[in-house]
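The notes follow in the order in which I looked.

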Amino acid sequence: MVILLSNRKNKNEKEIIEILTKYGAKHISDRFIGEGKDEFTILSIYKISELKINKGVVVFLDDTPRFNDQKIPLGLIGICEENNLTALENLKKNKIAAVCCGIGSKNSITLSSIGSDSLFTCLQRSLQNCNGEIIEQAEFKIKLTKSYLPFSVMASTAILLLKGITPCEF
């Protein structure tokens with residue numbers, strides 16, 4: 001399961017959902033239920049909610065105090081932008097491993113070699129995916145079918161890798 005913590009008008013949320021549904025994800029929110037190939041489920045949450053799951057990914061899409069007190073169960077892996085202090089504080093408080101996305105060398109996922117029809121995402125350090133397997137450092141060439149925000153690309157790459165899927169086209 002992938003949980004997106006967001007406000008309703010977040011462009012990254014829409015782009016991540018678009019990218020992940022191409023990889024077989026189904027999307028559920030309080031206003032929408034979409035079918036997919038049942039590879040995995042994306043759940044959009046817009047307010048603090050009780051999460052009773054023990055494996056999956058939680059993505060902070062906004063630097064908003066709305067999710068300051070969101071409890072995140074152990075066993076989940078967090079994803080956020082490098083400058084999302086609210087998310088980083090929450091993940092630390094809940095003792096959740098963080099995958100940071102950004103342009104700095106300390107981030108887990110970065111972008112490089114950006115072109116008009118492709119780019120490379122780089123996994124800067126080894127990660128353990130949701131199945132307990134180790135993903136080694138690597139670069140992934142992503143063919144672009146349209147223009148996406150940088151965080152949408154990096155977060156989607158991280159989510160797919162954590163779900164055991166190698167990204168190749170967005």
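Before looking at the helices I wrote down the convention for handedness: a crossing is left-handed if the near helix is turned anticlockwise from the far one by less than a right angle, and right-handed if clockwise. I also note that this is a predicted model.

Helix pair. I looked up helix 1 (residues 11-21) against helix 3 and found that the two pack at an angle of about 45 degrees, with their axes 9 Å apart. That makes helix 1 oblique to helix 3, and helix 1 passes helix 3 in a right-handed crossing. On the helix 1 side of the contact I listed Asn-12, Glu-15, Ile-16, Ile-19 and Leu-20, which meet Phe-151, Ser-152, Ala-155, Ser-156, Ile-159 and Leu-160 in helix 3.

Cores. I then turned to the largest nonpolar core, which has 38 residues, and found that Val-59, Ile-79 and Phe-170 touch the most other members. Helix 3 (residues 150-162) gives the most to this core, with nine residues. I also found a second, separate core of 14 residues, whose members include Ile-3, Phe-60, Cys-80 and Cys-100.

Loop residue. Last, I looked up Gln-70, which sits in the loop between strand 4 (56-60) and strand 5 (76-81). Is Gln-70 buried or exposed? With a relative accessible area of 1%, Gln-70 counts as buried. A polar atom of the Gln-70 side chain lies 2.6 Å from the backbone oxygen of Ser-49, and among the residues that Gln-70 touches I noted Leu-5, Lys-47, Ile-48, Asn-90 and Asn-94.

How values were computed
Residues numbered from 1 in each chain as written. Predicted model: local features only at pLDDT ≥ 70, side-chain atom pairs only at ≥ 80, totals over all residues. Heavy atoms only, no water. Core = buried A, V, L, I, M, F, W, Y, C linked by side-chain atoms within 4.5 Å. Buried < 20%, exposed > 50% of the residue type's maximum accessible area, 1.4 Å probe, protein only. Helix = DSSP H or I, 4+ residues; strand = E, 2+ residues; numbered from the N terminus. Polar contact = N/O pair within 3.5 Å; in protein donor to acceptor, adjacent residues only side chain to side chain. Contact = heavy atoms within 4.5 Å. Axes fitted to C-alpha atoms, helices over the stretch in contact; angles between N-to-C directions. Parallel < 35°, antiparallel > 145°, perpendicular 65-115°, else oblique. Lists of a residue's contacts leave out its neighbours within four places in sequence.
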